[in-house]
Each structure stands twice: as structure tokens, then as C-alpha cells.
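Have a look at the model first, then read on.

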Amino acid sequence: MRAYLLRRRSYLEFQNEVSRVLDHFEGNALVEEVICEISPETARLIERGTLDLELFPEEDKKLVGPLLDEIKKGKVTVGWLPDE
């Protein structure tokens, strides 16, 4: 069974000193933060761009509500864990 997640993705920009200590070339690294697990229905609504909070299942309204602005801006997206 697939687990659907809300995730926030951003880029960590290395500074010169950090790059030197980590022996890493100057550049960016993708950082992904898993926020919470959501239902498949909520995942479908978000992926379709349907962001009317009233349409979400009751158990996910509290999770999605505070993140709605970030979801609209594309800062928070839907991800999933692969089927086992």
C-alpha cells in the first residue's frame, strides 16, 4: 500500500567554509522535509489543484489548512513512499 506524504522541498546553499569542511564543491543541495502523512483522496485533490478546504476529508483538514498557502505557492507538494 502506498503512503502519501506532504513534503517541503528547498535548496541548502553551501557557503565557502561549509564547502571546504565538507570537501564539497560550491553549489546547492536539495533538502526534503516530510511534514505528515495524508490520505489518498487528499493527495488526489492537491495534485489536481483543487484547494477548497471543504472538499478535503475531515481527518486531513487540520493538516492541510495551515499549509494551504504554501501548497498554492508550490512550496509544499505531495510525495509518496513506493509500494513495498
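Val 64 touches Leu 6, Thr 42, Leu 53, Phe 56 and Ile 71, leaving aside residues up to four places away in sequence; contact here means heavy atoms within 4.5 Å. Keep in mind that this is a predicted model, where local features need pLDDT of at least 70 and side-chain atom pairs count only at pLDDT 80 or more, while totals for chains, interfaces and linings use all residues. Numbering runs from 1 along each chain as its sequence is written, and side-chain values use heavy atoms, with hydrogens and water left out.

**The nonpolar core**

- Val 64 is also one of the residues that touch the most other members of the largest nonpolar core, along with Leu 6, Ile 38, Ile 46, Ile 71 and Val 78; the core has 14 residues.
- Two or more core residues come from each of strand E1 (3-13), strand E2 (28-38), helix H2 (40-48), helix H4 (68-72) and strand E3 (76-81).
- H2 is the top contributor, giving three residues to this core.
- For the bookkeeping, a nonpolar core is a set of buried Ala, Val, Leu, Ile, Met, Phe, Trp, Tyr and Cys residues joined through side-chain atoms within 4.5 Å.
- Buried means under 20% relative accessible area, exposed means over 50%, and partly exposed is in between (1.4 Å probe, protein chains only).
- Helices (H or I, at least four residues) and strands (E, at least two) are DSSP runs, numbered from the N terminus.

**Helix H2 and its buried side**

- The buried residues in H2 are Thr 42, Ala 43, Leu 45 and Ile 46.
- They sit on the same side of H2 because they cover an arc of only 165 degrees around the axis, taken from the directions from the helix axis to the C-beta atoms.
- Leu 45 has a relative accessible area of 7%, and touches Thr 50, Leu 55, Phe 56 and Pro 57, not counting residues up to four places away in sequence.
- Leu 45 and Phe 56 are eleven residues apart in sequence, with 7.5 Å between their C-alpha atoms.
- Just after H2, Gly 49 adopts a positive phi of about 85 degrees.

**Polar contacts around Ser 39**

- Thr 42 has a relative accessible area of 0%, and its side chain makes a polar contact of 3.1 Å with that of Ser 39.
- A polar contact is a pair of N or O atoms within 3.5 Å; within protein, one must be able to donate a hydrogen and the other to accept it, and residues adjacent in sequence count only if both atoms are side-chain atoms.
- Ser 39 lies in the loop between E2 and H2, and is buried at 14% relative accessibility.
- The side chains of Ser 39 and Asp 60 are joined by another polar contact, of 2.7 Å.

**Salt bridges**

- How many salt bridges are there? The count is six, with a side-chain nitrogen of Lys or Arg within 4 Å of a carboxyl oxygen of Asp or Glu as the rule.
- Arg 8 pairs with Glu 33 at 2.9 Å, N to O, linking strand E1 to strand E2 across 25 residues.
- Arg 8 also pairs with Glu 70 at 3.0 Å, N to O, this time linking E1 to helix H4, 62 residues apart.
- Glu 54 and Lys 61 form a salt bridge at 3.7 Å, N to O; Glu 54 is exposed at 61%, whereas Lys 61 is buried at 16%.
- Through shared partners, Arg 8, Glu 33 and Glu 70 make up one network.
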